[in-house]
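Hi there,

Here is the structure I promised to pass on to you. Please open it alongside this message, and my notes follow below.

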Amino acid sequence: MFLGNKTAVITGASRGIGKAIALKFAENGANIALIYIGDSAEAEQTKAELQGFGVKAEIYNCDVSDWGSAKSTCDAVIKEFGSVDIAVNNAGIIRDQLLLRMSEEDFDAVLNVNLKGAFNIIRHLSRSIMKSPAGRFINITSVSGMMGNAGQANYSASKAGLIGLTKTVAKEFASKGVTCNAIAPGFIETDMTAGLPQSVKEQVNAAVPLKRMGEAEEVANLAVFFASELSSYITGEIIKIDGGMYI
Ligand code: NAP
């Protein structure tokens, strides 16, 4: 139980990596405020699974890219839970296209969710998290933001931006005992990668030294490390979890 008596806000947590993080946090004793945007039934199902660990769990429908929606949701979470210790910015989207064909709309949409969404949540929760004895911000970036990736100008830029945001938040909040770190996954098996053609999946497996895609639970294990006292002297760090794909 690494997170007993902590409250964590996790965005995009009704499925995929966010859900795995929420379940792993709950297993470690954290109360969970789960933010989602799409399917309420999926969010309700995840809430029930979280409650199975004996922790408090609530779900909030919120578009993290919208300043006002993010603010009212963060305010509602603080009112309901009393305080927040940990924020995980996991919500993310892709709109892949070669730059020559990428629309302004697709560029803006990805930047708005992946980067501005994280800023909005950090901005609206920071006063509460600053009061925690061991506040934590965790941002889910991507190796795409570190190495670049053809067809992902928008996504790579948003994830590289998250790395800059992570380092700045780390510097601004360190004096309050709050850390901010980022996790950079490679290819992880979720809905986001489910649509990749089989040929691409085979290329990925061949290119990754550990010869397979990662599992959401493996990312969640790293998130527990960053959320807990285990990482008390680490801030402004980006850890890749990619099977050695980008060494
Ligand atoms: P996913 O299965 O597609 O889930 C994305 C989550 O983000 C969903 O829960 C979705 O909510 C939520 N979301 C999307 N737009 C939102 C918005 N405007 N406001 C609030 N929530 C929103 O993706 P995933 O694979 O788990 O990815 C999670 C994170 O890891 C993302 O930031 C992604 O970029 C990053 N990542 C993933 C991989 C990978 O290989 N899978 C690799 C590197 C980085 P709903 O369920 O309600 O639609």
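What follows is a short tour of the ligand and the space around it.

Please keep in mind that this is a predicted model. I began with the pockets: the largest pocket holds about 1,200 Å³ of space, and that is the space taken by the ligand. Its lining is made up of 47 residues, with Gly92, Ile93, Ile94, Tyr155 and Met192 nearest the centre of the pocket. Sorted by class, the lining of the largest pocket comprises 22 nonpolar, 17 polar and eight charged residues. Elements that each supply at least two residues of this lining include helix 1 (16-27), strand 2 (31-36) and helix 6 (153-173).

Next, the ligand itself. There are 30 residues around the ligand, and Arg15, Gly38, Asn90, Tyr155 and Thr190 come nearest.

- Arg15 places a polar side-chain atom 2.6 Å from an oxygen atom of the ligand.
- Gly38 has a polar backbone atom 2.5 Å from an oxygen atom of the ligand.
- Thr190 has a side-chain N or O atom 2.5 Å from an oxygen atom of the ligand.

How much of the ligand does the protein bury? Taken alone, the ligand exposes 900 Å², and the protein buries 94% of that.

The shell around the ligand consists of 15 nonpolar, 11 polar and four charged residues. Helix 1, helix 6 and helix 7 each supply at least two residues of this shell, and helix 7 gives the most, with three residues.

Conventions: Residues are numbered from 1 along each chain as its sequence is written. This is a predicted model: local features need pLDDT of at least 70, side-chain atom pairs count only at pLDDT 80 or more; totals for chains, interfaces and linings use all residues. Side-chain values use heavy atoms; hydrogens and water are left out. On a 1 Å grid over the protein atoms alone, a cavity is a set of points where a 1.4 Å probe fits but cannot get out, and a pocket is an open set with protein on both sides within 12 Å along at least five of seven lines; lining residues have an atom within 4 Å of a point. Grid points are joined across faces, edges and corners, and a volume is the space filled by probe spheres set on the points. Helices (H or I, at least four residues) and strands (E, at least two) are DSSP runs, numbered from the N terminus. Ala, Val, Leu, Ile, Met, Phe, Trp, Tyr, Cys and Pro count as nonpolar, Asp, Glu, Lys and Arg as charged, and the others, Gly among them, as polar. A residue is near a molecule or strand if one of its heavy atoms lies within 4 Å of it. A polar contact is a pair of N or O atoms within 3.5 Å; within protein, one must be able to donate a hydrogen and the other to accept it, and residues adjacent in sequence count only if both atoms are side-chain atoms. Accessible areas come from the Shrake-Rupley method with a 1.4 Å probe; for residues, only the protein chains shown count as cover. A molecule sits in a cavity or pocket if more than half of its atoms lie within 2 Å of its grid points.
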